[in-house]
Amino acid sequence: MSLVASADVTTPRPQGARPYPLASRAEHPEDTVVQVGGVAFGGQRVVVIAGPCAVESREQLMETAEAVRAAGATVLRGGAYKPRTSPYDFQGLGEEGLELLAEAGARTGLPVITEVMDSEDVGLVARYADVLQIGSRNMSAFRLLRRAADTGKPIMLKRGFQATIREWLLSAEHILAQGNPRVILCERGIRTYDSEYTRNTLDLNAVPLLARETHLPVVVDPSHGTGRSDLVATMAFGAVAVGADGLMIEVHRQPGEALCDGKQSLSTGEFGALMAGLRPLAALLGREV
Ligand code: PEP
Ligand code: MN
């Protein structure tokens, strides 16, 4: 955060009242720290969430979970309900995937995060997950946001791929206004005009901007933000350099065989290299990873 402030030449001041009083930094100057077991989002330590895009099998998940934990990840991810553009693509294992995630979490000691796509599934997903993920396609599903908020679980709210920062903060406000203060924001890229080379445009402006605008922790997902495994580590470093509180990284034991998002998934070896690169960078910034 100190890097962010010192890099500014001028400091534009927010004008007038914000439409998101609960999310606004102006009304709540202190950083919010969202505690998930022993992991703190919004503290000095950069939280690394890692795991496969989708839970595919027990072997795949356990092997990946052990590998990311050994490399230094502190939260395990894995999708059981996958929001796929095509109805013919793998849709996730559903409840079986949730059971496997909980098992992998218990085995590794890592808290688990997984997406809840539908308000009907909130109770079920909340029984297994430590953090509920609201996906990009559902950022504005306000009823889902309220139902998820009612569980009292921490909620990671991914930015809608077509959402402005204001719309995103207003979605966070829906969760806060429902009485759940445990909100983590996740920048995951927005759709711009070039889809030939990258899947999305990772908006790193959002990170220092949100640090001014809100007290909520901000995670960056360079996997969906780029759609390319060869860009993930560099953009992860960039995210930490601009002040991200955490990273979400897709990792697969065999990216070429992944049922979902293989092109943007790191192998376990590549993830280890990313973690090794992050440590000195975090230290330089007065942080830990
Ligand atoms: C995911 O994290 O697997 C995912 C589907 O992300 P997004 O909602 O950002 O596309
Ligand atoms: Mn994915």
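By class, how many nonpolar, polar and charged residues does the lining of the largest pocket have?

A: Happy to! Please keep in mind that this is a predicted model. Sorted by class, the lining of the largest pocket holds eleven charged residues, nine polar ones and five nonpolar ones. The space inside this pocket comes to about 450 Å³. A total of 25 residues line the pocket, and those closest to its centre are Pro-83, Arg-137, Arg-188, Arg-199 and His-224. Strand S5, which spans residues 112-115, gives the most to this lining, with three residues.

Now for what the pocket holds: ligand 1 sits in it. There are 13 residues around ligand 1, and the ones that come nearest are Arg-77, Lys-82, Ser-136, Lys-158 and Arg-188. By class, the shell around ligand 1 has seven charged, four polar and two nonpolar residues.

For Lys-82, a side-chain N or O atom is 2.8 Å from an oxygen atom of ligand 1. Gln-133 places a polar side-chain atom 2.9 Å from a ligand oxygen. In the case of Arg-137, the distance between a side-chain N or O atom and an oxygen atom of ligand 1 is 3.1 Å. As for cover, ligand 1 on its own has 290 Å² of accessible area, and the protein covers 97% of it.

Note on methods
Residues numbered from 1 in each chain as written. Chains lettered and ligands numbered in written order. Predicted model: local features only at pLDDT ≥ 70, side-chain atom pairs only at ≥ 80, totals over all residues. Heavy atoms only, no water. 1 Å grid on protein atoms, 1.4 Å probe; cavity = no way out; pocket = protein on both sides within 12 Å on 5 of 7 lines; lining within 4 Å. Points joined across faces, edges and corners; volume = space filled by probe spheres on them. Helix = DSSP H or I, 4+ residues; strand = E, 2+ residues; numbered from the N terminus. Nonpolar A, V, L, I, M, F, W, Y, C, P; charged D, E, K, R; others polar. Near = heavy atom within 4 Å. Polar contact = N/O pair within 3.5 Å; in protein donor to acceptor, adjacent residues only side chain to side chain. Areas by Shrake-Rupley, 256 points an atom, 1.4 Å probe, with all protein chains shown as cover. Sits in = over half its atoms within 2 Å of the grid points.
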